[in-house]
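Good morning, and thank you for the time.

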Amino acid sequence: MADLVLLTPRPADSASAALVLPGLSLLPHRVSVTGMDLGALVSHGDPDLVLVDATADLVQARGVLRSLATLDLDVPVLAVVGDGALAVLDDQWPMDDLVVSTASPAELAARLRLALGRGPRHTGASPAPSGAADGDDQPETIKVADVVVDEASWTVRAGGRVLDLTFKEFELLRYLVQHPGRVVTRDILLQQVWGGDYYGGTRTVDVHIRRLRAKLGPERESLIGTIRGVGYRFTGSRSTDR
């Protein structure tokens, strides 16, 4: 039995799950239903798998899938589509698998089992440092307090300990330490870290900041200060080595 979360524009109740994916009610999984807001997903804790309802609004569903991809979730994401949507699906739909809403319980059970077994996919080209924030394409090592960001090896150390960061967490922390003492708005962080074609909201920034603070540890989480209603500020004096 797995914990599943269904994101749907329909009312957030069990009846909606039956409308979106009827076969789901015949399987022994625990299903939570929420809206298409990623903040609501975060409040549900750590599900084993996320389903995104693409049966009603394909554009909205694709935007949500892209937003989920930027969160670097450690769970597989499946899109639920209607038969008519199969012709429009392409590589612009970041997901681990899809299931047609009319799928039989046996097919649905198999797809869920396979997705849960192999976990989330990790696709895309390996990131390459740009150094664009400082107008220089040479990798550098940036130190603020006892946090060291090494662009050459794409690692971050805090108190000598290497942090296990996702790509987006690394990019976010790198941007913050490149501008210590400066108040950076959520919108700027979205533009600089996620890019201008990002479809999600500023809640994504808050989620990643919370994760960064947790990984920095209680003795350093205060390095990332919250400026209420504005954004965030990384404190400390910066030093750079090339």
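A residue counts as buried under 20% relative accessible area, as exposed over 50% and as partly exposed in between, with a 1.4 Å probe and protein chains only. By that definition, 44% of the 242 residues in the chain are buried. What you see is a predicted model, in which local features need pLDDT of at least 70 and side-chain atom pairs count only at pLDDT 80 or more, while totals for chains, interfaces and linings use all residues. Residues are numbered from 1 along each chain as its sequence is written, and side-chain values use heavy atoms, with hydrogens and water left out.

The chain has 7 helices and 13 strands; these are DSSP runs numbered from the N terminus, helices being H or I with at least four residues and strands E with at least two. Contact means heavy atoms within 4.5 Å. Of the contacts in the chain with a separation of 6 or more, 64% are between residues 24 or more positions apart.

Let me turn to a hairpin. Strand 6 (residues 141-144) and strand 7 (residues 147-150) pair in the antiparallel sense over 4 bridges, where pairing requires that DSSP finds at least two bridges between two strands. K143 has V148 of strand 7 as its bridge partner. I142 and V144 form the covered face of strand 6, and T141 and K143 the uncovered one. The hairpin has 2 residues between the strands. Which residue there takes a positive phi near 55 degrees? That residue is A145, which has this positive phi although it is not a glycine. A145 is partly exposed, with a relative accessible area of 39%.

Next, the open sheet of 3 strands, whose order is 10-12-11 with antiparallel pairing. Strand 10 (184-185) and strand 11 (224-227) stand at the edges with a single partner strand each, so one side of each is left without a neighbour in the sheet. Strand 10 is joined to strand 12 (residues 231-234) by 2 bridges, and V184 has Y232 as its partner. Helix 7 (residues 203-216) packs on this sheet, touching strand 11 and strand 12, and its direction makes about 145 degrees with that of strand 11. Strand 11 and strand 12 pair over 4 bridges, with I224 partnered by F234. Their hairpin has 3 residues between the strands, and G229 takes a positive phi near 80 degrees.

Finally, the helix packing. Axes are lines fitted to C-alpha atoms, for helices over the stretch in contact, and angles run from 0 to 180 degrees between N-to-C directions. Angles under 35 degrees count as roughly parallel, over 145 as roughly antiparallel, 65 to 115 as roughly perpendicular and the rest as oblique.

Helix 5 (residues 167-178) and helix 6 (residues 186-194) pack at about 120 degrees, with their axes 10 Å apart; the two are therefore oblique to each other. Their contact involves K168, E171, L172, Y175 and L176 of helix 5, together with I188, L189, Q192, V193 and W194 of helix 6.

Helix 6 and helix 7 pack at about 80 degrees, their axes 9 Å apart, and are therefore roughly perpendicular. Here R186, L189, L190 and W194 of helix 6 meet T204, V205, D206 and H208 of helix 7.
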